[in-house]
Amino acid sequence: MARTKASDNQMTGGPAVILVEPQLGENIGMVARAMANFGLSELRLVSPRDGWPNEKALASASGANWIIEGAAVFDDLAGALKDVNYVYATTARPRGMIKEVVTPEQAGRDMRARIGRGDKLAVLFGRERWAAAFGLGLLHGFGFSSVLADSGAEPHDLVPALLGFNVGV
């Protein structure tokens with residue numbers, strides 16, 4: 001039986017994942033690994049603290065090297081969003097803003113519809129100032145994504161689950 005390379009499961013037209021001012025290469029690597037589990041491949045980094053490229057990110061990617069090697073680095077968020085039509089921003093904290101808040105299921109349905117229309121999407125993860133919450137979310141997300149990837153579902157069917165988990169963390 002022929003083996004399929006993990007990079008062969010990449011989703012075309014899927015959302016870009018944007019990390020704003022990530023602090024540790026290890027966190028970037030774990031994000032890349034979670035992305036690979038779901039067939040996502042476009043990683044954008046805004047001002048990574050420890051510079052780029054980063055050997056610790058590559059070591060932590062656990063085989064998702066093509067995502068790390070293909071990551072685009074931007075000086076500011078505006079540059080990272082230049083070609084994006086719609087952004088899903090995530091947070092673990094309650095906010096007092098007047099912005100639409102959607103459930104993970106709603107976001108997943110909306111994302112599919114927008115991708116189907118040819119929109120370019122991004123999922124935005126903010127600064128790591130609250131490193132404990134960020135790290136906990138990544139660790140849980142990594143384990144959660146591994147379980148989902150083992151479920152046998154197609155990668156494009158798992159994106160709403162990944163988004164839902166991260167929005168809920």
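User: Why is K120 called buried?

Analyst: K120 has a relative accessible area of 18%. Buried means under 20% relative accessible area, exposed over 50% and partly exposed in between, with a 1.4 Å probe and protein chains only. The value for K120 falls under the cut-off, so K120 counts as buried.

User: What kind of model is this, and how are residues numbered?

Analyst: This is a predicted model, with residues numbered from 1 along each chain as its sequence is written, and with side-chain values taken from heavy atoms, leaving out hydrogens and water. Local features need pLDDT of at least 70 and side-chain atom pairs count only at pLDDT 80 or more, while totals for chains, interfaces and linings use all residues.

User: Where does K120 lie, and what does K120 touch?

Analyst: K120 is in the loop between α5 and β5. Helices (H or I, at least four residues) and strands (E, at least two) are DSSP runs, numbered from the N terminus. Contact means heavy atoms within 4.5 Å. Leaving aside residues up to four places away in sequence, K120 touches G14, A16, E42, R44, D83, V84, N85 and Y86.

User: What makes the pair D110 and R114 a salt bridge?

Analyst: A salt bridge needs a side-chain nitrogen of Lys or Arg within 4 Å of a carboxyl oxygen of Asp or Glu. The closest N and O atoms of D110 and R114 are 2.7 Å apart, so the pair qualifies. Both residues sit in helix α5 (residues 104-116), and because they are four residues apart, about one helical turn separates them. In general, an α-helix has 3.6 residues a turn, so residues three or four places apart point the same way.

User: How exposed are the two partners, D110 and R114?

Analyst: D110 has a relative accessible area of 27% and is partly exposed. R114, at 16%, is buried.

User: Which other salt bridges are there, and how many does the structure hold?

Analyst: The structure holds six salt bridges. One of them joins D50 and R49, at 3.1 Å from N to O. D50 has 42% relative accessibility and counts as partly exposed. Another joins R117 and D119, where the closest N and O atoms are 3.8 Å apart. R117 is exposed, with a relative accessible area of 56%. Salt bridges with shared partners also link E42, R44, D83 and K120 into one network.

User: What makes α1 mostly covered?

Analyst: Eleven of the 13 residues of α1 are buried. Among them are I28, M30, V31 and M35. After α1 comes G39, whose phi is positive, near 75 degrees.

User: Which strands form the sheet, and in what order?

Analyst: The open sheet has five strands in the order β3-β2-β1-β5-β4, with parallel pairing. At the edges are β3 (72-74) and β4 (86-89), each of which pairs on one side only. From one strand to the next, the twist averages 25 degrees.

User: How do you know that β1 pairs with β5 and with β2?

Analyst: Two strands pair if DSSP finds at least two bridges between them. β1 (residues 16-20) and β5 (residues 121-125) share four bridges, so they pair, in the parallel sense. I18 stands opposite L124 in β5. β1 and β2 also pair in the parallel sense over four bridges, and V20 stands opposite V46 in β2.

User: Which way do the residues of β2 point?

Analyst: In β2 (residues 43-46), L43 and L45 point one way, R44 and V46 point the other way, and all are buried.

User: Where is the confidence of the prediction lowest, and where is it highest?

Analyst: Confidence is given as pLDDT, the predictor's score for each residue from 0 to 100. The mean is lowest in helix α6 (residues 131-149), at 44, and highest in β3, at 96. The protein chain averages 74, and 62% of the residues score at least 70.

Terms used. Axes fitted to C-alpha atoms, helices over the stretch in contact; angles between N-to-C directions.
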